[in-house]
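Visitor: Hi! I'm new to this one and would like a quick tour. Can you walk me through it?

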Amino acid sequence: MAKYDCMKCPGYCCSYPVIEITGRDVARLGRHFGITAPEAQAKFTKKAHGRERVLRRKDDPHFGRICRFFDTEARRCTVYKARPGICRQFPGESRCGYYDFLKFEREHQKDADYVATTDSGMFR
Ligand code: SF4
Ligand code: SF4
């Protein structure tokens with residue numbers, strides 16, 4: 001059973017700079033938005049970090065930059081049903097390291113809404 005709760009998290013994993021996607025992911029996103037796969041590839045992805053295709057990003061008040069599909073106010077994915085395979089697999093085990101840290105800090109600081117940001121040292 002999962003020992004983390006994404007609904008109580010500000011979406012740290014969506015701020016990773018490298019969210020690598022496959023041709024299948026691009027095709028799924030294209031279908032979701034009613035555009036062709038090449039259009040989806042050009043619009044939503046770029047070559048970066050030595051990878052063939054990663055998701056484009058945008059500014060975020062908590063983490064500096066975050067996935068372009070992330071709603072920075074509601075703190076959730078806007079393409080959940082069409083999200084890439086790598087997002088479906090993460091964190092791939094019953095624990096999420098960021099969530100463990102966040103839970104510890106929230107209990108320690110007695111602040112249920114505390115958000116560990118990229119400025120807090122651990123997550124640069
Ligand atoms: S960082 Fe962990 S808890 Fe937060 S949204 Fe991602 S998987 Fe969920
Ligand atoms: S597609 Fe959705 S789940 Fe994946 S990184 Fe972007 S906002 Fe997060």
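Visitor: How many helices and strands does the chain have?

Guide: This is a predicted model, and its chain has four helices and six strands.

Visitor: In what order do the elements run from the N terminus on?

Guide: The order is α-α-β-β-β-β-β-β-α-α.

Visitor: What share of the residues counts as buried?

Guide: Of the 124 residues, 35% count as buried. The chain exposes about 8000 Å², and carbon and sulfur atoms supply 51% of that area.

Visitor: What about contacts between residues at least 24 apart?

Guide: Those make up 53% of the contacts between residues at least 6 apart in sequence.

Visitor: Switching to charges: how far apart are the mean positions of the positive and negative ones?

Guide: They are 6 Å apart, with 25 positive and 16 negative charges in the chain.

Visitor: OK, helices next. Which residues of α1 are buried?

Guide: Helix α1 covers residues 23–33, and its buried residues are Asp25, Val26, Arg28, Leu29 and Gly30.

Visitor: What do they pack against?

Guide: The buried residues of α1 pack against α2 (37–44), β1, β2 and α3. After α1 comes glycine 34, which has a positive phi near 70°.

Visitor: You mentioned β1 and β2. How do they run, parallel or antiparallel?

Guide: Strand β1 (residues 45–48) and strand β2 (residues 51–55) run antiparallel, joined by three bridges. Within the pair, lysine 46 stands opposite valine 54 in β2.

Visitor: How many residues sit between the strands of that hairpin?

Guide: Two residues lie between β1 and β2, and histidine 49 there takes a positive phi near 55°. Histidine 49 has that positive phi although it is not a glycine.

Visitor: Is histidine 49 buried or exposed?

Guide: Histidine 49 is exposed, with a relative accessible area of 51%; the cut-off for exposed is over 50%.

Visitor: Where does lysine 110 come in, and what is its phi?

Guide: Lysine 110 is found in the segment after α4. Its phi is near 50°, a positive value in a residue other than glycine. Lysine 110 is exposed too, with a relative accessible area of 76%.

Visitor: Back to strands. How do β3 and β4 pair?

Guide: Strand β3 (residues 57–60) and β4 pair in the antiparallel sense over four bridges. They form a hairpin with three residues between them.

Visitor: And which residue is the bridge partner of lysine 58?

Guide: That is isoleucine 66, in β4.

Visitor: What about phenylalanine 69, buried or exposed?

Guide: Phenylalanine 69 is buried, with a relative accessible area of 4%. Its place is in the loop between β4 (64–67) and β5 (70–71).

Visitor: Which residues does phenylalanine 69 touch?

Guide: Leaving out residues up to four places away in sequence, phenylalanine 69 touches Leu29, Phe33, Phe44, Leu55, Arg76, Cys77, Thr78 and Val79. Leu29 is also one of the buried residues of α1.

Visitor: How far is phenylalanine 69 from proline 91?

Guide: Their C-alpha atoms are separated by 19 Å, and the two residues are 22 apart along the chain. Proline 91 lies in the loop between α3 (85–89) and α4 (97–108). A cis peptide bond joins phenylalanine 90 and proline 91, with omega about 0°.

Visitor: One last stop: where does arginine 106 lie?

Guide: Arginine 106 lies in helix α4, and it is buried, with a relative accessible area of 15%.

Visitor: What does arginine 106 touch?

Guide: Not counting residues up to four places away in sequence, arginine 106 touches Lys8, Pro10, Asp111, Ala112, Asp113, Tyr114 and Val115. The C-alpha atoms of arginine 106 and alanine 116, ten residues apart along the chain, are separated by 9.2 Å.

How values were computed: Residues are numbered from 1 along each chain as its sequence is written. Chains are lettered from A and ligands numbered from 1 in the order in which they are written. This is a predicted model: local features need pLDDT of at least 70, side-chain atom pairs count only at pLDDT 80 or more; totals for chains, interfaces and linings use all residues. Side-chain values use heavy atoms; hydrogens and water are left out. Buried means under 20% relative accessible area, exposed over 50%, partly exposed in between (1.4 Å probe, protein chains only). Contact means heavy atoms within 4.5 Å. Accessible areas come from the Shrake-Rupley method with a 1.4 Å probe; for residues, only the protein chains shown count as cover. Lys and Arg count as positive and Asp and Glu as negative; His and the chain ends are not counted. The place of a charge is taken as NZ of Lys, CZ of Arg, CG of Asp or CD of Glu. Two strands pair if DSSP finds at least two bridges between them.
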